[in-house]
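Q: Please take a close look at the part where the two chains meet. A connected account of that surface and of how the copies are arranged would be welcome.

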There are 2 protein chains.
Amino acid sequence: MSAPAGPILVQKFGGSSVANAERVRAVARRIVGVHRQGYRVVVVVSAQGDTTDELLAKAREIAADPPRRELDMLLATGEQISIALLAMAIHGLGEPVISLTGPQSGIYTDDMHTKARIRRIEPARILRELEAGNIVIVAGFQGQNSHEDVTTLGRGGSDTTAVALAAALGAQVCEIYTDVDGVYTADPRVVPEARKLPSISYGEMLEMAHLGAVVLQPRSVEVAAQYGVQIHVRSSFNHHLGTIVKEDAGRMEKEMVVTGVAHDMNCAKVVLMGVPDRPGVAHRVFAALAAEGVNVDMIVQTTRATDVTDLLFTVGSDDLERAVATSKAVCQELGAAGVHTETGVGKVSIVGAGMASNPGVAARMFEALAAEGINIQVISTSEIKISCLIARDRVADAVRAVHRAFALDQPQTAAASEPGQPGQALSGSRIPESA
Amino acid sequence: MSAPAGPILVQKFGGSSVANAERVRAVARRIVGVHRQGYRVVVVVSAQGDTTDELLAKAREIAADPPRRELDMLLATGEQISIALLAMAIHGLGEPVISLTGPQSGIYTDDMHTKARIRRIEPARILRELEAGNIVIVAGFQGQNSHEDVTTLGRGGSDTTAVALAAALGAQVCEIYTDVDGVYTADPRVVPEARKLPSISYGEMLEMAHLGAVVLQPRSVEVAAQYGVQIHVRSSFNHHLGTIVKEDAGRMEKEMVVTGVAHDMNCAKVVLMGVPDRPGVAHRVFAALAAEGVNVDMIVQTTRATDVTDLLFTVGSDDLERAVATSKAVCQELGAAGVHTETGVGKVSIVGAGMASNPGVAARMFEALAAEGINIQVISTSEIKISCLIARDRVADAVRAVHRAFALDQPQTAAASEPGQPGQALSGSRIPESA
């Protein structure tokens with residue numbers, strides 16, 4: 001059998017796609033189908049199902065705050081189990097296959113254990129194995145630092161592994177298989193009439209991910225944008241085409257002003273009350289939060305009196321405890337009145353590359369919320385998104401109202417393609433047919 | 001804190017010693033105690049409890065006969081989990097520590113996946129970590145081949161890892177922690193009055209291990225003998241001194257003719273009946289068995305008539321199926337009458353370096369068995385052991401009778417030390433005090 005000389009295709013399967021033996025075999029059949037079409041296939045896999053959480057629980061049984069290097073040594077086993085099992089399943093189907101750990105795949109990272117960043121990829125071994133005709137199975141989420149110690153890339157890191165490999169190998173498309181069909185105009189569990197988007201720009205996808213659509217790790221989208229790798233987000237449970245994440249060039253006039261509605265229940269509000277109103281105070285607060293690794297999202301400052309101000313910001317619920325501790329310490333230093341928190345809040349956002357040049361979009365969103373009697377606590381805007389913090393128990397109503405207000409259930413007229421004919425939007429990409 | 005410059009001590013902990021978080025912490029305390037005495041400590045660990053079996057079950061769910069390279073990729077994760085957890089526990093006790101996989105430890109093997117042999121050890125990384133003051137935790141059972149692929153050393157391979165590391169690092173003693181107190185004159189579950197041996201020679205230990213005492217992997221004893229590494233077999237559940245495996249030089253006159261009684265229930269008898277009695281037949285049979293990887297133990301040939309003979313041998317129960325299939329094929333080729341098997345058999349053996357020069361030892365053993373009315377089916381002898389195949393349901397009686405016949409419950413008079421004062425037998429070794 002001669003080695004395939006076809007284009008390189010990178011596919012990534014998440015933990016739920018390989019959660020048990022049956023699913024591993026299903027994924028193997030899919031990979032083999034594509035390989036038999038002539039593609040040179042590189043597959044990135046995550047740890048099975050809840051393996052990573054189980055390993056973390058093992059660590060916590062031993063130590064409250066284990067050294068991060070050893071945590072990486074532990075966590076890296078999850079993906080190593082997946083690649084071995086998937087390789088066994090593909091071998092069972094009669095195709096040549098080899099599994100490689102992150103270090104074996106030439107994935108070099110910095111030293112930041114548990115949240116390392118890929119520095120470079122030396123794909124010599126992968127290319128050699130492809131040359132030999134093998135399907136190559138790569139452990140996602142991991143690499144090695146300059147000491148040859150294994151590192152991990154943080155939650156969702158396998159997405160970044162896959163996109164970075166696609167870039168290093170010159171693959172045009174990186175397929176990311178997940179348990180959803182693609183990127184929707186809103187969460188279909190909240191808005192039943194939400195539409196799957198045939199394509200979305202890198203920038204929009206970044207905002208969608210940051211805003212809690214939870215489909216791709218943001219860093220993977222950044223890498224894809226940087227190297228021009230198209231990401232095809234699709235389901236591992238069917239053969240439908242999903243959503244292509246790519247450069248914005250496709251749409252000439254951006255009739256589709258708003259691409260989708262995102263929401264996030266996992267946030268909390270922190271208010272530093274009676275902070276002295278003088279230069280450098282905000283810096284002091286947010287530098288302290290950054291030093292503790294707290295990701296701050298929305299920030300609002302309102303002057304309450306002549307010499308004091310209230311400083312309001314939102315954080316992810318996971319970061320709340322550290323945010324409050326840090327804020328209290330800073331308040332004491334600054335002589336501020338105190339810290340107030342609120343957890344019953346949620347965020348609704350509209351995202352769209354055409355927004356910046358289309359006045360009236362924000363107004364239409366606020367109108368939709370007002371018509372539902374929903375009070376807006378905080379507003380934050382960027383070139384391609386507008387977010388509103390509201391009461392958490394009104395978030396679902398808000399998403400539906402905004403989705404309706406922008407007619408997102410209606411197919412868009414211009415370059416965006418009709419639903420049911422997503423192939424149109426994918427022209428120019430080399431997408432393997434469903435096996 | 002200055003780096004310790006004391007002697008290097010290699011310790012190995014088996015799977016039951018690190019089966020859960022509590023035991024991992026207990027092992028960590030023991031290691032830290034020795035490190036604080038000034039030893040430079042290198043620890044080899046096996047996979048926790050039943051991890052290896054669980055991983056094998058995962059593989060079997062996917063494929064009946066998975067590729068061995070991928071099996072090694074899978075199995076190696078078991079030890080990687082152990083080393084990370086143990087390092088976390090030691091770190092929690094405030095000592096500097098680092099875990100290393102087999103490949104990171106510079107353990108190079110041949111290409112025989114799932115039963116690789118260590119070719120060489122390049123301990124530069126281990127020495128560097130010791131230099132830095134770290135306790136070094138090494139994953140047992142694994143190494144890498146010349147392609148930088150992970151390999152495993154077969155069941156019990158962690159023993160060999162530990163002894164080979166001790167040799168490479170110039171350590172005088174390799175402590176092997178297990179769930180028994182040391183090597184006994186017989187299995188204490190069968191013979192309550194069995195005595196723990198303060199020391200035993202490499203040769204005796206090899207026979208004991210081969211005969212089913214199941215304490216050390218035979219290859220580890222071979223490596224220890226070759227490099228003069230003393231093995232201290234002891235319990236991880238208490239601080240008693242165990243049994244030292246070392247060269248035989250200690251005993252001048254070998255008063256202790258018989259060291260111990262071993263038994264093995266895990267064997268089966270195969271008889272090739274009516275085999276043509278001509279040169280080359282035995283070679284044909286046993287070459288075919290060897291090619292299938294069947295380990296043959298006892299062999300007896302008896303002439304039944306002028307031109308045909310019965311060829312009898314024993315194998316481990318695990319190998320029986322393959323042994324029978326191979327034997328049937330060979331019988332057909334040779335025109336032999338057929339293959340008969342018997343599984344209700346067991347083996348009782350006496351082992352002792354002084355046996356060869358002491359006539360009458362065999363006779364005393366046979367007499368003890370006869371007095372119990374136990375029929376001997378097969379006898380096999382070597383320089384330092386005599387084995388008898390008997391009915392499996394009489395094995396326990398046989399072990400007790402033979403143990404009594406050689407007065408093994410009585411302390412020996414000469415250089416072998418008194419029970420309760422095992423320190424004497426250990427003089428000349430650098431054994432760390434129990435922490």
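A: The copies meet through the same surface, because 96% of the interface residues of chain B are also interface residues in chain A. The model is predicted, so that local features need pLDDT of at least 70 and side-chain atom pairs count only at pLDDT 80 or more, while totals for chains, interfaces and linings use all residues. Residues are numbered from 1 along each chain as its sequence is written, and chains are lettered from A in the order in which they are written.

In this interface, 27 residues of chain B are in contact with 26 residues of chain A; contact requires C-beta atoms, placed from the backbone, to lie within 7 Å. On the side of chain B that touches chain A, at least two residues each are supplied by helix 1 (21–36), helix 2 (51–62) and helix 3 (68–92) of chain B, helices being DSSP runs of H or I of at least four residues, numbered from the N terminus. Helix 3 of chain B provides the largest share, 14 residues. By class, this side comprises 16 nonpolar, six polar and five charged residues; Ala, Val, Leu, Ile, Met, Phe, Trp, Tyr, Cys and Pro count as nonpolar, Asp, Glu, Lys and Arg as charged, and the others, Gly among them, as polar.

How values were computed:
Two residues are in contact if their C-beta atoms, placed from the backbone, lie within 7 Å.
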